[in-house]
Amino acid sequence: MPEAGDRVSSMSSEALHEPVTMEKIVSLCKRRGFVFQSSEIYGGLASTYDYGHYGVLLKSNVKAEWWRAVVQERDDVVALDAAILMHPRTWEASGHLEGFSDPLVQCLGKCKRRWREDHLREDAVAHEGPPDAELRCPACGGELSPPRQFNLMFETHMGPVQDEGSRIFLRPETAQGIFVNFKNVLQFSRKRPPFGIAQVGKSFRNEITPGNFVFRTREFEQMEIEFFVPPTEAPDWHEHWLEERMRWYVELGLRPDHLKLREHGPEELSHYSSATSDIEYLFPMGWSELEGIANRGDFDLTQHARFSGEKLEYVDSATGERYVPHVIEPSAGADRGSLAFLVDAYDEEEVEGRERVVLRLHPRLAPVKAAVLPLVNKDGQPELARRVYEELRRRLPAEFDTGGSIGKRYRRQDEIGTPYGVTVDHQSLEDETVTLRDRDSLTQERLPIAGLADELVRRLAADWRSPKLG
Ligand code: GAP
């Protein structure tokens, strides 16, 4: 069920024909070791999650693809990894101390649940109610308290004395680590606007209404770029990044009809933004934000210059021209992105009278690329399969599995999205060939062991199109 805090719009008719539900994703993630409830043996900690083996591999592939697209394949973006803990003045300058809050209302009736007042009002208006209608608790119909501003930053103390002077915050976005390093990067990288700084890291928000599995949590990973541009070029670069980020999701397999751009209305814009568009994905609970792409103007550099006393501007040494660059910010979530890739990949089909659950992940995102399976656990097959596996794993993430019937082992690999199954059988011992099973088409072909790694590397690098596109 969507939580009240999630900005979701109603499901379109395509969603109704999808085999996937959030319950199925949660259950698959637990069963196959992608994601677990955090601190489960103590009853769990609400809306925090731990990533298991395949979840770690999937999320790190998502992050690696992001790095590849935004740094490796461009000339104009450099990397940064700033500390989570920052000088407390950062959050005064950024406006987070003052403005990073949500209007919270609490049910005064039976259920006592807390809600985001702004979301309740938007829902009411979406259902054609008057904008000033009295709001009631959506869960039990109870009266609601007056709204109270609730700051979303987690607070802690640095050092042994816990007083006002030791108060610091867990960063609620990675972006500020980039702005405070603008001058360092400008000096070392010999870049001039337009150029960007990219960073991946944990952020923390004391969300009022987290929910929908890893969609909205209190601890999450962001993949953010702050792209600094001459002020007059900002609108064009905003367009560029909208297209570029949309292309990235489609190239990695998300179905285009499950993605859309949504421009923020003036009342929805963050305090720093003059224009923002969200890339939305059709999650099981409806269209929801996957990534925000904002035009932040010169807000951040100007604010940090004011609060720190440092000049944060670009000076052209040839012309002497100086200006504060404007910033375009594509800001994505690694957890939310991984969830979208899982949801989009999830499929069910009947094969020879049995149901098969398969993750049709883009091969570049699949946690394991090939599984080597002896047909039977005797007659020298496990030994040969082990040898094939050890050769393969030097070139690509591979697995060796001898446990259970071959059908069961294929099903396990299908459920984690392994693109290729390599089966060693009695013929393999005679002619040094194996069968290669394709996860999506289920075709099987005989290939020599010699050159198998090269062939798999070649196939994995080829263009891929989701079979769900028909
Ligand atoms: N620096 C801008 C910024 O942080 P945002 O729209 O608040 O913008 C950007 O966050 C992205 O970070 C979102 O599109 C989403 O993917 C991810 N994100 C934000 N809050 C999240 C949460 N509570 N849980 C998981 N991901 C979150």
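These legends walk through a few views of one predicted model.

Local features here need pLDDT of at least 70 and side-chain atom pairs count only at pLDDT 80 or more, while totals for chains, interfaces and linings use all residues. Residues are numbered from 1 along each chain as its sequence is written, and side-chain values use heavy atoms, with hydrogens and water left out.

View 1. Helices (H or I, at least four residues) and strands (E, at least two) are DSSP runs, numbered from the N terminus. Along the principal axes, the C-alpha atoms fill a box of roughly 75 × 65 × 50 Å. Of the 470 residues, 52% count as buried, meaning under 20% relative accessible area (1.4 Å probe, protein chains only). Look at contacts (heavy atoms within 4.5 Å): among those between residues at least 6 apart in sequence, 68% join residues at least 24 apart.

**View 2. The shell around the ligand.** There are 21 residues around the ligand, and Glu 173, Arg 205, Thr 217, Glu 224 and Glu 289 come nearest. Being near a molecule means having a heavy atom within 4 Å of it. Strands E10 (219-229), E13 (286-297) and E16 (326-333) each supply at least two residues of this shell, and E13 gives the most, with 5 residues. By type, the shell splits into 6 nonpolar, 5 polar and 10 charged residues; Asp, Glu, Lys and Arg count as charged, Ala, Val, Leu, Ile, Met, Phe, Trp, Tyr, Cys and Pro as nonpolar, and the others, Gly among them, as polar.

**View 3. Arg 439, a buried arginine in a loop.** Arg 439 is found between strand E22 (433-438) and strand E23 (444-448). Its relative accessible area is 1%, so Arg 439 counts as buried. A polar atom of the Arg 439 side chain lies 3.4 Å from the backbone oxygen of Leu 359. Leaving out residues up to four places away in sequence, Arg 439 touches several others, including Arg 356, Asp 414, Pro 419 and Trp 464.

Technical notes: Buried < 20%, exposed > 50% of the residue type's maximum accessible area, 1.4 Å probe, protein only. Polar contact = N/O pair within 3.5 Å; in protein donor to acceptor, adjacent residues only side chain to side chain.
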